2 protein chains.
Amino acid sequence: MVVELISVGTELLLGNIVNTNAAFLAEKCAGLGLSCYYQTVVGDNRERLAGVMRTALERSDILILTGGLGPTQDDLTKETAAEVWNRELKMDGHSLERIESFFKERGLEMTENNKKQALVPEGAIVVDNDNGTAPGIILTEGEKRIILLPGPPNELKPMFENSIVPYLNGLENPEEPGIIYSKTVKICGMGESKVESEITDLESMENPTVAPYAKTGEVHLRVTARAADEKEARKKVKPVVKELKSRFGSAVYTTEEDVTLEGAVVDLLLANELTVSTIESCTGGMLAARLINIPGVSEVFKSGYITYSNKAKRKIAGVKKGTLDKYGAVSPQTAKEMARGTALLTKADVTFSITGIAGPDGGSQEKPVGLVYMGCYVCGTTQVKEFHFNGNRAKIRETAVSAALTMMRQCILEYYSQKTFGKKV
Amino acid sequence: MVVELISVGTELLLGNIVNTNAAFLAEKCAGLGLSCYYQTVVGDNRERLAGVMRTALERSDILILTGGLGPTQDDLTKETAAEVWNRELKMDGHSLERIESFFKERGLEMTENNKKQALVPEGAIVVDNDNGTAPGIILTEGEKRIILLPGPPNELKPMFENSIVPYLNGLENPEEPGIIYSKTVKICGMGESKVESEITDLESMENPTVAPYAKTGEVHLRVTARAADEKEARKKVKPVVKELKSRFGSAVYTTEEDVTLEGAVVDLLLANELTVSTIESCTGGMLAARLINIPGVSEVFKSGYITYSNKAKRKIAGVKKGTLDKYGAVSPQTAKEMARGTALLTKADVTFSITGIAGPDGGSQEKPVGLVYMGCYVCGTTQVKEFHFNGNRAKIRETAVSAALTMMRQCILEYYSQKTFGKKV
């Protein structure tokens with residue numbers, strides 16, 4: 001079946017925001033074995049939006065629209081979809097109740113125009129929104145379908161994963177019978193080109209297919225098979241996943257769809273009953289924040305420190321004044337003392353330190369912006385690594401945190417595999 | 001004049017990459033006063049690309065295409081453009097020389113298919129590419145224009161800035177003389193529908209226009225005017241911005257394009273020479289991380305603590321065991337002791353505490369998931385607020401951090417406006 005993505009929003013046409021929703025949906029749809037030939041961005045304009053929808057309905061089976069479901073006057077995706085298929089908008093009691101309790105729970109006053117969000121075209125399937133007030137909507141006419149989803153990524157993504165994926169998977173697909181099954185092999189600590197060079201032979205396969213997706217500090221390899229039933233499809237996927245695991249070894253941190261890199265690290269800590277503490281300078285808490293994304297982290301997370309200033313590094317982690325004076329705050333010596341000091345302070349089994357220059361200022365010839373040192377203490381031994389990251393302040397910090405999670409994982413694995421650590425600093 | 005953006009590339013349709021080029025070009029074109037009503041993504045497919053171009057030529061004056069100018073067989077944007085306007089492809093000696101020297105300078109061997117990149121449609125304006133091998137191409141037919149640009153952002157962006165912007169600026173624009181100027185009024189601590197209900201009268205204006213954009217914990221109102229020159233446009237925008245400021249008062253945290261909420265908070269701390277420390281439980285460092293997004297925060301940021309466990313809350317912030325036992329970790333009493341304890345510990349002028357239930361587990365009838373208490377200490381006085389956030393763990397934490405920045409800002413403003421604080425806890 002052919003799906004077409006339509007993103008609605010003047011802010012996209014003005015370039016105020018980047019269209020990450022389209023990339024998210026495109027990747028998910030590809031994973032579901034749906035073909036996608038067109039993506040369109042159109043503004044909050046009834047006539048133009050209707051035109052785009054009519055054109056899309058002529059060439060695609062499923063339209064997925066995002067955005068324009070808000071309470072304001074210029075949110076008119078729902079109204080336009082109803083117009084295109086001549087449907088009346090009816091008040092949906094269930095959605096209205098959910099919206100009312102959404103405001104009540106937060107002690108907020110619900111304004112009149114929020115009720116607009118509970119209006120749905122007749123004959124629609126209503127999809128609950130657990131993260132906002134605009135419900136998702138599925139419309140069907142013959143073989144054609146129109147799916148309306150909220151624009152905010154933190155509302156769109158869970159709704160798509162939890163409700164739309166199962167719906168799309170349940171659809172009959174005449175020209176391509178059977179089902180699609182895919183598994184993702186997630187690799188950390190390796191660049192995309194390096195990963196690709198290892199799988200050139202596999203990329204030419206047709207069923208299953210292997211497709212690489214570059215993420216920050218990670219590469220995901222999606223293995224997708226089509227077969228009469230899931231059992232058959234799994235049988236096609238299994239040997240390829242096994243082959244990829246053997247090729248990439250411990251760089252593969254999971255093959256589970258819902259396991260993130262921080263989740264894999266927390267699982268590793270839990271499995272080995274290791275406690276962890278963090279101490280961060282340039283990343284300012286981002287590493288701790290990612291670990292604490294994981295429910296149940298309380299079992300292992302002792303405490304975190306943000307020591308952005310030299311004074312804090314000394315006061316909290318006991319970094320020696322001499323070390324800071326002689327080598328500077330961004331040095332392997334400081335990173336090591338931060339990690340060891342935090343181990344002494346918190347008695348955690350694992351501690352991790354990050355100190356670097358995120359820019360835009362503070363760089364120099366010998367210590368350029370993007371230079372970051374990280375220290376990882378595991379049960380008595382501390383390893384320090386030097387990194388060089390590119391990009392602006394935000395990009396450098398984001399990439400640093402992914403590298404930190406990868407390094408923490410490697411250090412723990414090395415400790416248990418009894419391998420000797422790299423050159424001590 | 002109306003411009004339309006067409007991004008060519010199967011990798012975009014598969015979601016392998018995010019379409020940042022479209023956002024870049026859209027913002028630049030808006031800045032040039034060009035209207036843009038449609039953006040399209042289409043794959044490396046001659047027939048579909050030609051169809052998209054023909055449709056775009058019917059409704060827009062200028063087509064800007066990116067991607068598909070590479071040396072390989074599936075790069076066919078140039079060939080398709082030539083086909084749409086029945087132009088012959090001719091070898092461009094100048095471009096061929098540049099491509100040859102590009103390879104020579106880098107000590108690389110030039111393959112036969114790179115010569116393909118020097119083929120240009122007859123009558124084309126060739127735009128040199130200083131960062132790659134594919135030249136840009138400008139085609140004109142009557143009042144219509146087709147501009148072909150390379151896909152790699154590091155080639156596209158400088159080429160657009162240096163060659164295409166001057167070209168577009170030089171074009172006569174009969175029906176819409178003059179330029180576009182816009183200013184954004186950024187509001188925190190108010191929902192989109194609440195903001196919307198305050199400006200319904202302004203949303204019907206045509207020049208300038210007022211458009212709301214919902215962000216997490218914020219609403220941005222963009223005021224956009226068209227006029228003969230920037231001076232004129234500014235004159236139209238100014239009174240509306242003034243009106244919005246008076247309507248929303250201190251909820252307006254900036255009217256500067258590049259100032260974020262955390263930036264406004266850091267500016268407020270800097271302006272009043274206040275130091276700040278944070279102590280976070282469920283947000284696990286996200287508040288500190290956002291403050292540290294801002295270069296120069298080192299002037300004001302003392303230290304941050306992540307006390308996810310009760311033990312850490314006691315050990316680091318000195319929260320009383322009795323308080324934790326009697327009221328629990330998620331209580332106004334604990335939030336207050338966390339903030340005050342951090343003030344004692346770090347001697348910061350401002351300290352901020354967050355403790356809550358991010359879920360999915362840990363909720364109860366009287367303390368549901370999403371319940372968060374925040375404490376803000378400002379020079380001796382501590383204010384505590386109760387919040388109820390919705391959504392999954394990630395959404396609750398993200399929303400909590402925006403609310404925290406808003407509350408910190410309000411508390412500091414209240415302190416200086418000598419207003420009395422809310423009900424003490």
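How many aromatic pairs does a search of the whole structure find over all chains? The search finds nine, in what is a predicted model.

**View 1. Aromatic pair A:Phe102 and A:Phe103.** Rings of Phe, Tyr and Trp (its six-membered ring) pair if their centres lie within 6.5 Å, and planes under 30 degrees apart count as stacked, over 60 as edge-to-face and the rest as tilted. With centres 5.7 Å apart and planes at 75°, the rings of A:Phe102 and A:Phe103 are therefore edge-to-face. Both A:Phe102 and A:Phe103 are buried (under 20% relative accessible area, with exposed over 50% and partly exposed in between; 1.4 Å probe, protein chains only).

**View 2. Aromatic pair A:Phe387 and A:Phe389.** Here the ring centres of A:Phe387 and A:Phe389 are 5.5 Å apart and the planes stand at 10°, so this pair is stacked. A:Phe387 counts as buried because its relative accessibility is 16%, and A:Phe389 counts as buried at 11%.

**View 3. Charges over the rings of B:Tyr37 and A:Tyr38.** A charge sits over a ring if NZ of Lys or CZ of Arg is within 6 Å of the ring centre and within 35 degrees of the ring normal. A:Arg48 lies over the face of B:Tyr37, 3.9 Å from the ring centre, while the charged end of A:Arg59 is placed over the ring of A:Tyr38, at 3.6 Å from its centre.

**Notes.** Residues are numbered from 1 along each chain as its sequence is written, and chains are lettered from A and ligands numbered from 1 in the order in which they are written. Local features need pLDDT of at least 70, side-chain atom pairs count only at pLDDT 80 or more, totals for chains, interfaces and linings use all residues, and side-chain values use heavy atoms, with hydrogens and water left out.
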